[in-house]
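Here's a quick tour for anyone meeting this structure for the first time. Take a look at the sequence and the fold, then read on.

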Amino acid sequence: AILEPMVQVVIFGAIFLVLDKKPPLGDTAMAFFLTAFIPLMLIRNLTIALCAAIRENKQLLYFSVVTNTDVIMARALLEIITITTVTVLLFSFISLAGYQGAPVYPLSTLAAFAVASLLGIGFGFIGAIIAPVFKSWSRIVQWLNRGFFFTSGIFFYPAMLPSQAQDVIKYNPVAHIIDWCRVSFYYGYNSDFYSVWTMFYLGLGFLLLGLSLERLMRRKISAL
């Protein structure tokens, strides 16, 4: 779980090194990709892991004290701890290499990480309840995550795109989180693309919808 993102980041950095391509922001391609890849990976891993949380922990649910919500939130906590560990390790390596490895605005970065977690947990919670009943849900999540990879800003930041393209990717919540992370990380980079409160309320709405679905479908899920 920890090695996979590290290997992917090294591959991206190696590609940029071979192409002799400088990152659009900052002094190293590694940091530029990480400021996008980490929040994307956080949301992606939460949505995928939570979809399977109930199915993979069905035996625990035979205990009356364990609920669907307990299983889902425990899996979410595990994913967040894993991604946090990966983040600290990777940015520590960047600092040791002599590049910028710490955000300019740490509190803003933590807030972006928290809202990304809320989005991932909220959407993942919905998936955790729907997936046992609607078997194709996991495949839909995989398609969405592939789309997020190419449209969220891993290889660019919004101001590099025409205004029409920016209007389209504004509907992508991951793009908002990534732009927020980069504004928090880089000195002198400002953007009016992302919306903090829109992402917060969207994540909260996802979570409340997931909790409501769990209450409505609790008996049906337990009978499967």
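## Starting at the end of H4

Which residue takes a positive phi just after H4? That's Gly98, with a phi of about 95°. Keep in mind throughout that this is a predicted model.

H4 itself covers residues 68-96. At 1.5 Å a residue, its 29 residues should span 42 Å, and the end C-alpha atoms sit 43 Å apart, so the two figures agree.

## H2 against H4

Now bring in H2, residues 29-51. The axes of H2 and H4 come within 9 Å and cross at roughly 165°. Angles over 145 degrees count as roughly antiparallel, and that makes H2 roughly antiparallel to H4. The crossing of H2 past H4 is right-handed.

Who does the touching? On the H2 side the contact includes Met30, Leu34, Ile38, Leu42 and Leu46; on the H4 side, Arg75, Glu79, Ile83, Leu90 and Ile94 are among the residues involved. Sorted by class, the contact of H2 with H4 has 17 nonpolar, three polar and two charged residues.

## H2 against H5

H2 also packs on H5 (residues 106-130), at an angle of about 25° and with the axes 7 Å apart. Since angles under 35 degrees count as roughly parallel, H2 and H5 are therefore roughly parallel to each other. H2 passes H5 in a right-handed crossing.

## H4 against H5

How far apart are the axes of H4 and H5? They are 11 Å apart, and the two helices pack at an angle of about 145°. H4 passes H5 in a right-handed crossing.

Thr69, Ile72, Met73 and Thr87 are among the H4 residues in this contact, and the H5 side includes Phe113, Ser117, Phe125 and Ile129. By class, the contact of H4 with H5 comes out at ten nonpolar, four polar and no charged residues.

## Aromatic pairs

Rings are worth a look too: the count comes to 13 aromatic pairs. One to find is Tyr157 with Tyr189, whose ring centres are 5.3 Å apart and whose planes lie at 65°, so the pair is edge-to-face.

This pair links distant parts of the chain, 32 residues apart. Tyr157 is in the loop between H6 and H7, while Tyr189 is in the loop between H8 and H9.

Conventions:
Residues numbered from 1 in each chain as written. Predicted model: local features only at pLDDT ≥ 70, side-chain atom pairs only at ≥ 80, totals over all residues. Heavy atoms only, no water. Helix = DSSP H or I, 4+ residues; strand = E, 2+ residues; numbered from the N terminus. Expected span 1.5 Å × (residues − 1). Axes fitted to C-alpha atoms, helices over the stretch in contact; angles between N-to-C directions. Parallel < 35°, antiparallel > 145°, perpendicular 65-115°, else oblique. Left-handed = near helix turned anticlockwise from the far one by under 90°. Phe/Tyr/Trp six-rings, centres within 6.5 Å; stacked < 30°, edge-to-face > 60°. Contact = heavy atoms within 4.5 Å. Nonpolar A, V, L, I, M, F, W, Y, C, P; charged D, E, K, R; others polar.
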